[in-house]
Amino acid sequence: MISCIIVDDEKPARDELAYLLSSINDIKVVGEAENGIQAIRKAIEEKPQLVFLDVNMPGINGIDVAKELTALEPKPLIVFITAYDSYALSAFEVSAFDYLLKPVSEERLGNSLDRIRSLISSRETQVLD
């Protein structure tokens with residue numbers, strides 16, 4: 001089971017992603033946050049393997065949240081979900097795993113999750129070796 005949190009300042013966006021994820025058997029949403037401060041707190045509390053993170057939020061934006069999350073152990077994978085393609089370079093500079101544009105299609109989300117599963121599986125295999 002892959003644990004994740006959803007971070008977006010817009011509740012309808014959080015709800016839509018939670019709905020898409022609810023039909024995926026091996027993904028568990030363990031929390032939601034509506035701003036950067038909540039996101040950091042929730043990530044510290046829940047230690048999710050994956051964070052779905054909006055970029056453009058009031059206060060601390062998603063890029064700055066991602067910088068903070070990279071200090072956590074274990075470090076969560078970060079998938080940015082945003083309406084703005086202009087932040088993509090900044091997102092990958094802070095080690096984003098993926099960058100999805102809203103509205104997120106089920107196919108694009110599924111492709112990203114397939115890659116995430118492969119990475120997590122290979123990490124777990126390395127730990128066992």
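The legends below describe close-up views of a predicted model.

Local features are reported where pLDDT is at least 70 and side-chain atom pairs at pLDDT 80 or more, while totals for chains, interfaces and linings use all residues. Residues are numbered from 1 along each chain as its sequence is written, and side-chain values use heavy atoms, with hydrogens and water left out.

**View 1. The open sheet of five strands.** The strand order is β2-β1-β3-β4-β5, and the pairing is parallel. Strands (E, at least two residues) and helices (H or I, at least four) are DSSP runs numbered from the N terminus; two strands pair if DSSP finds at least two bridges between them. β2 (27–33) and β5 (98–101) are the edge strands, each pairing on one side only. On average, neighbouring strands are turned by 20 degrees against each other, direction ignored. Axes here are lines fitted to C-alpha atoms, for helices over the stretch in contact, and angles run from 0 to 180 degrees between N-to-C directions.

**View 2. Strands β1 and β2.** β1 (residues 2–7) runs parallel to β2 and is joined to it by six bridges. Val7 has Ala33 of β2 as its bridge partner.

**View 3. Helix α3 on the sheet.** α3 (residues 62–69) touches β3 (50–53) and β4 (77–82), where contact means heavy atoms within 4.5 Å. The direction of α3 makes about 175 degrees with that of β4. Gly62, Ile63, Val65, Ala66 and Leu69 of α3 are buried, that is, under 20% relative accessible area with a 1.4 Å probe, protein chains only (exposed is over 50%, partly exposed in between). These residues cover an arc of only 160 degrees around the axis, which puts them on the same side of α3; the arc is that of the directions from the helix axis to the C-beta atoms. The buried residues of α3 pack against α2 (36–46), β3, β4 and α4 (88–93).

**View 4. Aromatic pairs.** The structure holds three such pairs, counted when ring centres of Phe, Tyr or Trp (its six-membered ring) lie within 6.5 Å; planes under 30 degrees apart are stacked, over 60 edge-to-face and the rest tilted. Phe80 and Tyr99 have ring centres 6.3 Å apart and planes at 45 degrees, so this pair is tilted. Phe80 lies in β4 and Tyr99 in β5, so the pair ties together parts 19 residues apart in sequence. Both Phe80 and Tyr99 are buried. Ring pairs link Phe80, Phe92 and Tyr99 into a cluster.
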